[in-house]
Amino acid sequence: MTADVPTAAPTTTDPGTIRLALIVGGLVVALVAGFAVGRFAVGSASTPAGGVPAGALAEHSHSPGTGAHDHGPGTPDDTVGGLALSEAGYTLTAEQTTFAVDRPQELRFQIRDATRRAVTGFAVVHEKPMHLIVVRRDLTGYQHLHPTMSTDGTWRVPLTLTAAGSWRAYADFTALDAAGRQTPVTLGVDLLAAGDHAPRTLPPATRTATVDGFTVGYEGTPQIGASAPLLFRISADGAPVTGIERYLGAYGHLVAIREGDLGYLHVHPEPALVDGAVKFWLSVPSPGRYRLFFDFQVGGVVRTAEFTLTAG
């Protein structure tokens, strides 16, 4: 007698179980795909081999007669820069802020973004990605320097503070984000040169200055809240100088710093000389006294003529 072997009942799957499996599988696929896309996006904006991101040090220039905080005739910008360490999502962090008097040292700093990462992408504005202006709080000792950046985003520049007291350093730059957007910013940091501080009185307002045998005068009257032309003429031995040379891609550079809070304006000139003069458009943001620093180059040497301006 042969025993009957029971036949296994056919297996059935609950439809709810099938739907759950499909949902879980779909989520896994979506997560994997999202991770891959995320890696591609971050990689495309990250720093490639060599440490400098694509687009870093891209060419950029302001319109004629304008700078990061001044936008030419008809479009005055009354906002001064350099009043804070942080602005527009960027922060200046200096490794050291105390210096010995009249001793060459190295100033090292980074520009960091809102995530505290060092920025390495900068536009080249007037032939340099970074313009560093240094001046004592009594508006003496002006220096216009150009640091160099290492691949980790650290800027370095030799600096000598020639007198004791509190100094202000302005980092004037145009940052590039991963999408190539440009943000012009000027950040400021205080530096201290230890020792007895003997502040100097700001010289009276004048339209002429002498430096190294050159006489520099300017024409025009700056207006509060409105762009006005200023024309700087250079002469020597009573005759106009015809050999004004381009310096950093322009015939001159003008920095204006407001007495008191040290608000900063950096203005670039028209691309060509105007009747032998260097022409700027300047809008001052408020009444008060300003110190003007006019950089020009003749015979391969850069000189700075300084003026006191009373506005309002």
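Leu92, Ala94, Leu107, Phe109, Leu132, Ala169 and Val189 line the second largest cavity. The model is a predicted one, and two cavities of 30 Å³ or more are counted in it. The second largest cavity holds about 30 Å³ of space. Its lining comprises seven nonpolar residues, with no polar and no charged ones. Strands β3 (90-94) and β5 each contribute at least two of the lining residues.

**The five-stranded sheet**

β3 and β5 both belong to an open sheet of five strands, ordered β2-β3-β5-β10-β9 with antiparallel pairing. β2 (86-87) and β9 (148-149) each have a single partner strand and stand at the edges, so one side of each is left without a neighbour in the sheet. Inside the sheet, β5 (residues 105-112) runs antiparallel to β10 (residues 154-159), and six bridges join the two. Leu107, one of the residues lining the second largest cavity, stands opposite Val157 in β10.

**Strand pairs**

The table lists several pairs of strands with their sense and number of bridges. Strands of a sheet pair through backbone hydrogen bonds, in either the parallel or the antiparallel sense.

| Strand pair | Sense | Bridges |
|---|---|---|
| β4 (residues 98-99) and β12 (residues 182-193) | parallel | two |
| β11 (residues 165-176) and β12 | antiparallel | 12 |
| β14 (residues 214-219) and β16 (residues 228-236) | antiparallel | five |
| β16 and β21 (residues 278-284) | antiparallel | five |
| β16 and β17 (residues 239-240) | antiparallel | two |

β12 pairs with β4 in the parallel sense and with β11 in the antiparallel sense. Opposite Leu192 in β12 stands Thr98, while Thr186 in β12 faces Asp172 as its opposite residue. Five residues separate β11 from β12 in a hairpin, and Gly180 in the turn has a positive phi of about 85°.

β16 pairs with β14, with β21 and with β17. Leu231 in β16 is the bridge partner of Glu219. Phe232 has Val278 in β21 as its bridge partner, and Ser235 has Pro240 in β17. The hairpin formed by β16 and β17 has two residues between the strands; Asp237 in this turn has a positive phi of about 55°.

**Nonpolar cores**

Which residues of the largest nonpolar core touch the most other members? They are Val216, Phe232, Ile234, Phe294, Phe296, Ala305 and Phe307, out of 29 residues in that core. At least two core residues come from each of β13 (208-211), β14, β16, β19 (253-258), β20 (264-267), β21, β22 (288-298) and β23 (301-311). The most come from β22, which gives five residues. Apart from this core lies another one, of 26 residues, including Ile111, Val157, Leu159 and Trp167. In soluble globular proteins, nonpolar side chains tend to be buried together.

Phe307 illustrates the surroundings of a residue in the largest core. Neighbours within four places in sequence aside, Phe307 is in contact with Thr206, Arg207, Thr208, Ala209, Val216, Tyr218, Phe232, Tyr290, Arg291, Leu292 and Phe294. Among these contacts of Phe307 are Val216, Phe232 and Phe294, which are themselves listed with the core residues that touch the most other members.

Note on methods:
Residues numbered from 1 in each chain as written. Predicted model: local features only at pLDDT ≥ 70, side-chain atom pairs only at ≥ 80, totals over all residues. Heavy atoms only, no water. Pairing = 2+ DSSP bridges. Helix = DSSP H or I, 4+ residues; strand = E, 2+ residues; numbered from the N terminus. Core = buried A, V, L, I, M, F, W, Y, C linked by side-chain atoms within 4.5 Å. Buried < 20%, exposed > 50% of the residue type's maximum accessible area, 1.4 Å probe, protein only. Contact = heavy atoms within 4.5 Å. 1 Å grid on protein atoms, 1.4 Å probe; cavity = no way out; pocket = protein on both sides within 12 Å on 5 of 7 lines; lining within 4 Å. Points joined across faces, edges and corners; volume = space filled by probe spheres on them. Nonpolar A, V, L, I, M, F, W, Y, C, P; charged D, E, K, R; others polar.
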